[in-house]
Amino acid sequence: MDRDATSDVNAPHSMGTTIIGVTYNGGVILGADSRTSTGLYVANRASDKITQLTDNVYICRSGSAADSQIVSDYVRYFLHQHTIQLGQPATVKVAANLVRLLAYNNKNSLQTGIIVGGWDKYEGGKIYGIPLGGTIVEQPFAIGGSGSSYLYGFFDQAWKDGMTREEAEQLVVKAVSLAIARDGASGGVVRTVTINSEGVTRNFYPGDTLPLWHDEVEAHGSLLDILNASNPEPMST
Amino acid sequence: MVSSQNESNLLSSEGDSQRTQYPYVTGTSVIGIKYKDGILMAADMGGSYGSTIRYKSVERLKQVGKHSLIGASGEISDFQEILRYLDELILHDNMWDDGNSLGPKEVHNYLTRVMYNRRNKFDPLWNSLVLGGVKNGQKYLGSVSMIGVHFEDDHVATGFGNHLARPILREEWREDLTFEEGVKLLEKCMRNLLYRDRSAVNKMQIAKITEEGLTISEPYSLKTFWNFAAFKNPTVGAEGSW
């Protein structure tokens, strides 16, 4: 009667990336890693996956780099015209629905998962997730990309409503960092973009400033630094 | 002949002459029953992404015009699109401004045509829908699948519900169920689905539609029962078994 979804064999796969969007009391914070891979090679180790659509709306891109870039460009173009006609900044909902239209109507060709985040004067800070297929889901927080698989449990535990900006930023950075630790397709630096009534702030967390997780060790310039340090005995027979 | 992937090679143009998609974000079973005063429908709020339970607040029961209620399983983006089609349908119906309004039977028929015609183009809306409502005292409950197969019955279900809920409904459904009895019956089915359907999520809504109007409940969860001796000691009486 009902056609079974050809489940595991054809289950969708998102390629390299960890992207996150969270709301806090006052706005939203978008976060992402910076690795773009072609197969096993890291084509760009410092990419910027958080892309501006308007002054008050940004998106996180995951999946095919080409597809997500072209969708961004089209939506930015449409939003620009919409803003002129409307006479005031576009709302986050409109931006998200434009992304949805492209994602849904081209579902057979596109392979990109997008998180739309921004602030407008009507609804405040809002996050919309638009996964493969073009479903649109408004959420208090959203995660996406291949690295997000490792974050479902983390967010189930760590997410709270009504966080402060600092709490939310730390949560995002910690989460992306955890995903980078386990997902081969995510890596590099953590970028965040905060959007609220006052405007937009970009932050940059280089890999060496991120905390160390299980089975990771401190970085050094050289073995020689370790050997010459006051505490010898790093070599053993 | 159905192909599950659109093969694009250098030799063929963007013809899309054969196209079937596959679903990405899916909802599981919907159950609907007629009861004394109208229709009751239940669905959980899960949106699965393959085997991951990705979204847990997806509303899969929605109002359609004055007299109808729709519940959907399958690809959520296609359901969102169907809601837009229905919006337009109801809008045009209202624009006639003739005091008449589309009843559930008509909406069901509209959906059947939409689903069947998409199926004929090898480009289905990947959903199974339940459509119920009351108009002029007449209760109506039907379902439509992604290939346009449609039924009208006293109780319907989609997906796993067909296998797990309908046998229960066949035994226990009656024409004169009260609201309380109907809700208990639906909850019995939903609890069963929660135990046995991997994509089920313990957060659901029940919707009621009568001549007076429609209400969709706030999301809530069901208690589950695990405290059985046979569960605590599954291999007693068969030592060495697994």
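What follows is a short exchange on the chain contact and on one helix pair.

Q: What kind of model is this?
A: This is a predicted model.

Q: How many residues of chain A and chain B are in contact?
A: 24 residues of chain A are in contact with 29 residues of chain B.

Q: And what area is buried between chain A and chain B?
A: About 2600 Å², with carbon and sulfur atoms giving 50% of that.

Q: How many salt bridges between chain A and chain B?
A: The count is two. In a salt bridge, the side chain of A:Lys107 meets that of B:Asp78, at 3.3 Å from N to O.

Q: Which elements give two or more residues to the side of chain A that touches chain B?
A: Helix H1 (7-10), helix H3 (92-105), strand E9 (137-139) and strand E10 (141-144) of chain A. H3(A) gives the most, with three residues.

Q: How do the residues on that side divide?
A: The side of chain A that touches chain B has 10 nonpolar, nine polar and five charged residues.

Q: Switching topic. At what angle do H3 and H4 of chain B pack?
A: Helix H3 (residues 160-172) and helix H4 (residues 179-196) of chain B pack at about 145°, and their axes are 10 Å apart. The crossing of H3(B) past H4(B) is right-handed.

Q: Which residues make the contact?
A: H3(B) uses residues including B:Phe160, B:Leu164 and B:Ile168, while those of H4(B) include B:Leu185, B:Cys189 and B:Arg196. By class, this contact has eight nonpolar, two polar and three charged residues.

How values were computed
Residues are numbered from 1 along each chain as its sequence is written. Chains are lettered from A and ligands numbered from 1 in the order in which they are written. This is a predicted model: local features need pLDDT of at least 70, side-chain atom pairs count only at pLDDT 80 or more; totals for chains, interfaces and linings use all residues. Side-chain values use heavy atoms; hydrogens and water are left out. Axes are lines fitted to C-alpha atoms, for helices over the stretch in contact, and angles run from 0 to 180 degrees between N-to-C directions. Helices (H or I, at least four residues) and strands (E, at least two) are DSSP runs, numbered from the N terminus. A crossing is left-handed if the near helix is turned anticlockwise from the far one by less than a right angle, and right-handed if clockwise. Contact means heavy atoms within 4.5 Å. Ala, Val, Leu, Ile, Met, Phe, Trp, Tyr, Cys and Pro count as nonpolar, Asp, Glu, Lys and Arg as charged, and the others, Gly among them, as polar. Buried area is the accessible area (1.4 Å probe) that two parts lose on being put together, summed over both. A salt bridge is a side-chain nitrogen of Lys or Arg within 4 Å of a carboxyl oxygen of Asp or Glu.
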